[in-house]
Amino acid sequence: MEGSRRRFIRLAVVGVGAAGITTLFSSKLIEAVGFSRGDVRAAAPARRQWVMLIDLKKCDGCRKCTEACNTEHFVPPGQEWITVYEVQDEFGFRYFLPRPCMHCENAPCLKVCPVGATFRREDGVVLVDHRRCIGCRYCMAACPYDVRAFNWSEPPHTPEELAHTYRPEAPWPHRMGVVEKCMFCAHRAEEGELPACVRGCPMDAIYFGDLREDAVSNGREVLRLSETLRRDHGFRLKEELGTEPRVWYLPARRD
Amino acid sequence: MEPDVSASDAEILEPLRRTTWRFYVLLAGLAAVVGWGVYAYSWQLREGLSVTGLTDRVSWGVYISNFVFFIGISHAGTLISAILRVTRAEWRRPITRMAESITVMAIVVGAGFPLIDLGRPDRLMNVFFYGRLESAILWDFISIFTYLTGSLLYLLLPLIPDLAVVRRSVALGRFRSFLYTRLGGRWTGSAVQKRSLEKSIGLMAVIIIPVAISVHTVVSWIFGMTLRVGWHSAIFGVYFVGGAIFSGIATILIAMAVFRRVYHLEKYITPLHFRNLGALLLVLDLVMIYFTLSEYLTATYGAETRDVAWVRILSTGPYAILFWGMLLGGLVLPAFLLVFRRGIAGIVVAAILVDVAMWMERFLIVVPTMMTPQMAFTWNLYTPTWIEWSITAAAIAGFALLYALFSKLFPIVSIWEIQEQPAPAAEPAATEQEAVA
Ligand code: SF4
């Protein structure tokens, strides 16, 4: 009968333990076997580190960048992957602030994703795999820049959009129940093209380029990034959060 | 030696023997509400989450509030019964079963809400295939699953001797005799079995306390780990655990009052139980007032821009009425009631206020933070839709339904435990303090 007592205790301990451990191991095991993440991540070459520079002095708030972006990616209605905010500072001075995804080096959205649907390529581009996303929207809650949008219902489709084959670097056709955001035009970078918003900006306010090469371009001129940032007081949004954005700004007016 | 059910314990078995038509009416009513909720959810499955009031800026709402609320309620049972067991508070005996069963049902209902909230519930298995331990959602999965397993065991172990009693003294149909035999058929009541049962229960009581605390801590970390104003706060773990125990005690009190009345258990559930749990409720109330004060004073005194924006939304925004209602009606008023109205009625009213206020508190944690602008300069608005309210009503009804069914299948008061030590008439003072400490 000594045995039955033991069995009871074992049942108790094993029961609680097993519940925790199976959950833990199922994910760890599968990761070890290689089902997880690795596949998508290694895809991009690490030679580049993509960055953006937005000159607020030049931006006149026409929102042509948003338009170009919407067309390029068949962005579902109601969403903006690059939003132009109108800002008023404490002296009443008004200016415009275009905000794409910051592609943070220390991305809060990426940390919280329970299934690794949000991932970061070696070239610094943060992407969402819509085939894996479960739509928990934790990443939306975590993003300090209000970047992410959700497909609350099935987005309207066009034949052209549907003809395309989905991949995270060119994320359409769009689908219901997943999270969307700016993907730094990863598909255009593959072709050596500047992002749609850079091309769409009539003021040439948006620059795109490579941190390694220390060069950014708006399609008209090429700037040395480090020097421009130093000379023109470049800054990043919410620098104090430590997210290390890959998008820099030049202030709206010279002090 | 196996105690027989004396005639004096017949009341406990009565609900298992006889079911009145009123019970069936209640079941039908609850089932109808649940059915309505299922219909609302099917609507949501078809149309997507666009049928809710959620938007890109306020992307979590009533569903996530319900999740936090029900997981909070689940602390009623297990944690409180375990603490009372470990501290050997003898008066606990007639209420442990009620408390423990609340836990299991509240977890089941609560854990459903993140799934209802998912944009792609069809891909739930991705959490197992691709789960990343770095995400607080995974921490939740693991701790809630562990808690559910643990509390099921903790509910089932003390049920075993009672099942033997029920099998002997109630005429059973096929289903119930099969169920009871599977769950506790080999119980003979020998001294050895008894000893090992006591040991296992004692062990589970010790194990379940840290597990329960971890669960609500981890739930709070879902919010605490983000960089958002109003969430990114180290007090969140204890704040949530405190609130959970608070609403848990309130829920037990309500359940006690209902069962006492409906099943005529006045002999077992006495004013003493209400007074003792009422005292615990008061302590937790004061703790919550203290936490709330610390949280909002820290935010407003320093007056960081974003903190100010957030407190302004709370105190003057569209949900200000909930905020003030929660503070005055859910924290301050119950404290007065618990001090000056110590009859059963006063305590139960306080408990109801507390439960309502704790739901509002959960809502106020989730929503106003998301309403606080991070980039733009206008408040983000959120108004829940009938779909969200229907599913919420269905959850409450489902919880009551499960509980009602449970009380028909199992004795809602632990027979063998009160036989071992009859409910004491008056030894409150000492054990009360023990339990609180
Ligand atoms: S919504 Fe999708 S991408 Fe965002 S955290 Fe959840 S699973 Fe990851």
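**Labels and their cut-offs**

Guide: Across the interface of chain A and chain B, 26 residue pairs are in polar contact, both residues at pLDDT 80 or more. This is a predicted model, in which local features need pLDDT of at least 70 and side-chain atom pairs count only at pLDDT 80 or more, while totals for chains, interfaces and linings use all residues. Residues are numbered from 1 along each chain as its sequence is written, chains are lettered from A and ligands numbered from 1 in the order in which they are written, and side-chain values use heavy atoms, with hydrogens and water left out.

Visitor: What makes a residue pair a polar contact?

Guide: A pair of N or O atoms must lie within 3.5 Å; within protein, one must be able to donate a hydrogen and the other to accept it, and residues adjacent in sequence count only if both atoms are side-chain atoms.

Visitor: Why is the pair D146(A) and R57(B) called a salt bridge?

Guide: The term asks for a side-chain nitrogen of Lys or Arg within 4 Å of a carboxyl oxygen of Asp or Glu; the closest N and O atoms of D146(A) and R57(B) are 3.6 Å apart, so the pair qualifies. Between chain A and chain B the count is two salt bridges.

Visitor: How many residues does each chain bring to the contact?

Guide: Chain A gives 66 residues and chain B gives 61 residues, where contact means heavy atoms within 4.5 Å. The two chains bury about 5,300 Å² between them, 64% of it on carbon and sulfur atoms; buried area is the accessible area (1.4 Å probe) that two parts lose on being put together, summed over both.

Visitor: How do you know whether chain B agrees with a compact globule?

Guide: The rule is 2.2 Å times the number of residues to the power 0.38, with the radius of gyration taken over C-alpha atoms. For 437 residues it gives a value near 22 Å, and because chain B has 22 Å, the two agree. The C-alpha trace of chain B spans about 75 × 50 × 40 Å along its principal axes.
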